[in-house]
Amino acid sequence: MLGPTATSERAGKDSSEILPPPTLAPPPPRLPIWPLGLMFGLVPLWWLAGAFYLGWPLLGAVLLALLLVRGRVPLPPAAGIWLMFLAIVTVSAIRLESSNSALTFGLRLGFYATAMVVGVYVYAVARERAGHTVVLLPLCAFWFGLVTLGWLSVLAPRLGMTTPVELLLPGGIADEPFVNDMVHLSTAEYSVRSLDPIYRPAAPYAYTNNYGSAYAITLPCVVAVIMLGQHKVLRWLLLGSLPLSLAPAFLTLNRVMFLSLGVGLLVLGVRASRRGNTRVAASIVGVVLVGVVATVFIPVAQLIGDRVGNSDTNSDRLSLYAEVLRRVGESPLLGYGVPVNVDTVSAQAPIGTQGQLWMVLFSHGVPALLCFLAWFVVAALFCARATSPAGQWLAIVPVVCLVQIPFYGMANQNLAVAFYAVAVAMALTERELASRSGPQLPPTVQAAAG
């Protein structure tokens with residue numbers, strides 16, 4: 001038989017050995033997409049069970065287990081920055097002062113770590129598959145759930161009920177306001193003491209600002225799938241869902257939702273004009289026109305004006321921000337672990353809330369905030385090199401997030417949604433760069449998990 005042979009000679013200095021050529025290790029098995037569908041596609045089910053918040057890190061643990069079993073997992077660009085952020089947050093636990101603080105600290109840390117796990121998992125999945133529509137399917141299912149529950153919030157704004165998870169929790173934990181908001185089912189935010197309350201859709205979230213944040217982060221992903229056009233049925237379903245989504249989104253009256261989307265579309269428009277991409281420009285015009293037509297039926301500007309005129313939202317936020325800046329000087333490196341309640345501000349919310357920037361700064365210190373912001377900046381710069389219409393739409397997700405960070409909290413599921421979109425954008429950008437420069441992918445930080 002012909003084939004490589006190995007011989008050895010025992011003759012002193014001239015002894016030599018002919019070894020068979022090395023064999024390449026087989027590629028690792030592909031990661032399945034179904035766990036992402038379980039996590040993002042079944043949001044209405046998790047919400048009804050009361051497990052949308054407390055169960056989210058557990059679903060992330062499933063992804064982590066699959067990554068560890070598979071091994072040889074590539075890390076996306078800028079992963080080291082987020083790992084450094086997680087390390088600082090973990091060390092800041094020494095600043096905690098009570099067991100209740102440890103519970104909320106652990107949950108927020110779980111959301112931060114889960115976002116990283118989702119990003120790594122999706123990045124690996126996207127690199128292993130030729131088409132990106134199938135990778136984005138769980139986010140499309142998340143979008144459909146967001147629109148459906150948004151309409152439930154519009155049609156039944158006073159709906160609320162006790163969930164199975166709420167019943168299973170010990171009374172002392174379930175009655176904690178922070179936990180109760182997460183496990184008790186409610187569809188909208190409104191003032192129960194008002195004679196004419198303003199109902200603002202929130203489901204599946206505890207707070208309407210989170211709904212508005214999720215809408216602005218997910219919308220570019222939906223348009224990206226439409227631009228890919230690989231599945232016609234899905235494409236038409238998404239096109240039909242866009243006008244339907246506007247009513248619950250507009251009725252949140254989230255000013256930052258409009259601002260972040262506006263900035264994202266402006267950046268996208270500038271990039272499209274510089275590159276002469278008429279498809280992207282036309283898609284921007286289409287999205288804007290749909291929104292403008294919706295304002296004919298929903299007087300959103302008037303509703304926002306009425307709400308702002310009848311609330312102290314702006315002054316409350318400013319008092320909280322000023323207190324954060326005053327206190328962070330006393331613990332600039334590690335912060336205070338978690339937001340705290342005080343009676344020295346006009347707002348009822350704890351210091352370190354009303355915006356992710358202020359939460360990270362107050363809870364974990366200046367270095368953690370720099371790492372948090374740096375990840376989004378690096379992600380935005382890396383994804384800006386995308387040239388395809390879908391890639392350019394996905395590339396504005398970190399831009400949208402950067403606008404939201406000073407005003408909206410992101411220690412929730414929305415951080416994982418953002419990492420999901422950015423991971424797909426990074427994989428798509430790398431593929432486009434490789435197709436222009438040759439078969440070799442640009443160097444990325446890689447590590448083996450497990």
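The second largest cavity holds about 60 Å³ of space, where a cavity is a set of points on a 1 Å grid over the protein atoms alone at which a 1.4 Å probe fits but cannot get out; a volume is the space filled by probe spheres set on the points, with grid points joined across faces, edges and corners. The model behind this is predicted, so to speak of local features takes pLDDT of at least 70 and side-chain atom pairs count only at pLDDT 80 or more, while totals for chains, interfaces and linings use all residues. Residues are numbered from 1 along each chain as its sequence is written, and side-chain values use heavy atoms, with hydrogens and water left out.

Lining this second largest cavity are Pro76, Pro77, Ala79, Met116, Gly119, Trp375, Phe419, Val422, Ala423 and Met426 (a lining residue has an atom within 4 Å of a point). Two or more of these residues come from each of α5 (99-128) and α20 (413-437), elements here being DSSP runs numbered from the N terminus, with helices as H or I of at least four residues and strands as E of at least two. It is α20 that gives the largest share, four residues. By class, the lining comes out as nine nonpolar, one polar and no charged; Ala, Val, Leu, Ile, Met, Phe, Trp, Tyr, Cys and Pro count as nonpolar, Asp, Glu, Lys and Arg as charged, and the others, Gly among them, as polar.

Four cavities of 30 Å³ or more turn up in total. The largest cavity has about 80 Å³ of space, and 14 residues line it, with Trp47, Met182, His184, Leu185 and Pro204 closest to its centre. Both α9 (177-183) and β2 (185-186) put at least two residues into this lining, and α9 has the largest share with three.

On to the pockets. A pocket is an open set of points with protein on both sides within 12 Å along at least five of seven lines, and the second largest pocket has a volume of about 540 Å³. Its lining runs to 26 residues, and Leu219, Val287, Val288, Val290 and Gly291 sit nearest the centre. At least two lining residues come from each of α10, α11, α12 (255-275) and α13 (278-297), with α13 giving the largest share, nine residues. Of the lining residues, 18 are nonpolar, six polar and two charged.

Two of those helices also pack on each other: α10 (208-228) and α11 (232-251) meet at an angle of about 160°, their axes 10 Å apart. Axes are lines fitted to C-alpha atoms, for helices over the stretch in contact, and angles run from 0 to 180 degrees between N-to-C directions. The pair is therefore roughly antiparallel, a label for angles over 145 degrees. Contacts (heavy atoms within 4.5 Å) bring Tyr211, Tyr215, Leu219, Val222, Val225 and Ile226 of α10 up against α11 residues including Leu234, Arg235, Leu238 and Leu239. This contact counts 13 nonpolar residues, one polar and one charged.

Helix α10 has another partner in α19 (397-404), at about 165° with axes 9 Å apart, so α10 is roughly antiparallel to α19 as well. Here Ser213, Ala216, Ile217, Pro220 and Cys221 of α10 meet Val397, Val400, Cys401 and Gln404 of α19, and the classes are seven nonpolar, two polar and no charged.

Definitions and conventions. Parallel < 35°, antiparallel > 145°, perpendicular 65-115°, else oblique.
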